[in-house]
Amino acid sequence: LPICKKGKVNLKYKLSVDDFKDDVREVNSWYNSLLGKTKQFQTQSWEIKSVKVVGERSYFEEVPLTWKGRVRMEQMMPAGIEFQEVLAHEVGHALEQASSNFSAAANKFLARRTRRETAESLQSVTGHSGYSAWEKTKKDEFYSSYIGKQYASYVDPFGHTTHPTEVFSMALQYLYRDPIGLLNSDVDLAKTLWEAIGRTQW
């Protein structure tokens, strides 16, 4: 998770495997470049509490009763670009959690694009048995059906109603890997992401 001081992102980390340190620095540098494009990006609330190698799918989690969070990384993920892409994805969740405006933009986009869609099992849509039975998506014509993944709303420790999405996390992951590819795959999503970054005050 990023913590911004004077417009800078600082991804703090504690790793048991030295090979990942360069990857974290690369993602840190990329987010500084991306978010430094907007003068409004000024937050001191978020950091990577830890990047821990675990034996399951990578995920982002809040730290209860704080404005902090943790990114947990899949145990078998190799160092390098794959690790960096997934870390960029999980930090995207932190940005969405940190700003109600950013989150609202993601949810508005998802509602608009999937308004005629019915929720389907990610297992059946993708053919991957690794997804749990509860994981549903509204697939639209997204380049990845995971963008339309459905989450239930919940109330965070501060009393804010939160409705997570995969919209901007997936877009940021693609943007990290291949900016032109994101534009070619979904210019609507790319435009929505850029506009949301530009007008969000963190």
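Colleague: What do the buried residues of α3 pack against?
Modeller: This is a predicted model. In it, the buried residues of α3 pack against α2 (81–98), α5 (167–177) and α7 (187–199).
Colleague: Which residues of α3 are buried?
Modeller: Phe 102, Ser 103, Ala 105, Ala 106, Asn 107, Phe 109, Leu 110 and Arg 113.
Colleague: And what happens at the start of α3?
Modeller: Ser 99 puts a side-chain oxygen within 3.3 Å of the backbone nitrogen of Asn 101.
Colleague: Back to Arg 113. Which side chain makes a polar contact with the side chain of Arg 113?
Modeller: That of Asp 186, at 2.9 Å. Asp 186 sits in the loop between α6 (179–185) and α7.
Colleague: Is Asp 186 buried or exposed?
Modeller: Buried, because its relative accessibility is 6%, and the cut-off for buried is under 20%. Beyond its neighbours within four places in sequence, Asp 186 touches Arg 113, Phe 142 and Tyr 143.
Colleague: What about the second largest pocket?
Modeller: Its volume is about 190 Å³. Closest to its centre are Gln 97, Ser 99, Ser 100, Thr 161 and Thr 162. The largest share of its lining, four residues, comes from α3. By class, that lining has three nonpolar, nine polar and two charged residues.

How values were computed:
Residues are numbered from 1 along each chain as its sequence is written. This is a predicted model: local features need pLDDT of at least 70, side-chain atom pairs count only at pLDDT 80 or more; totals for chains, interfaces and linings use all residues. Side-chain values use heavy atoms; hydrogens and water are left out. Buried means under 20% relative accessible area, exposed over 50%, partly exposed in between (1.4 Å probe, protein chains only). Helices (H or I, at least four residues) and strands (E, at least two) are DSSP runs, numbered from the N terminus. Contact means heavy atoms within 4.5 Å. A polar contact is a pair of N or O atoms within 3.5 Å; within protein, one must be able to donate a hydrogen and the other to accept it, and residues adjacent in sequence count only if both atoms are side-chain atoms. On a 1 Å grid over the protein atoms alone, a cavity is a set of points where a 1.4 Å probe fits but cannot get out, and a pocket is an open set with protein on both sides within 12 Å along at least five of seven lines; lining residues have an atom within 4 Å of a point. Grid points are joined across faces, edges and corners, and a volume is the space filled by probe spheres set on the points. Ala, Val, Leu, Ile, Met, Phe, Trp, Tyr, Cys and Pro count as nonpolar, Asp, Glu, Lys and Arg as charged, and the others, Gly among them, as polar.
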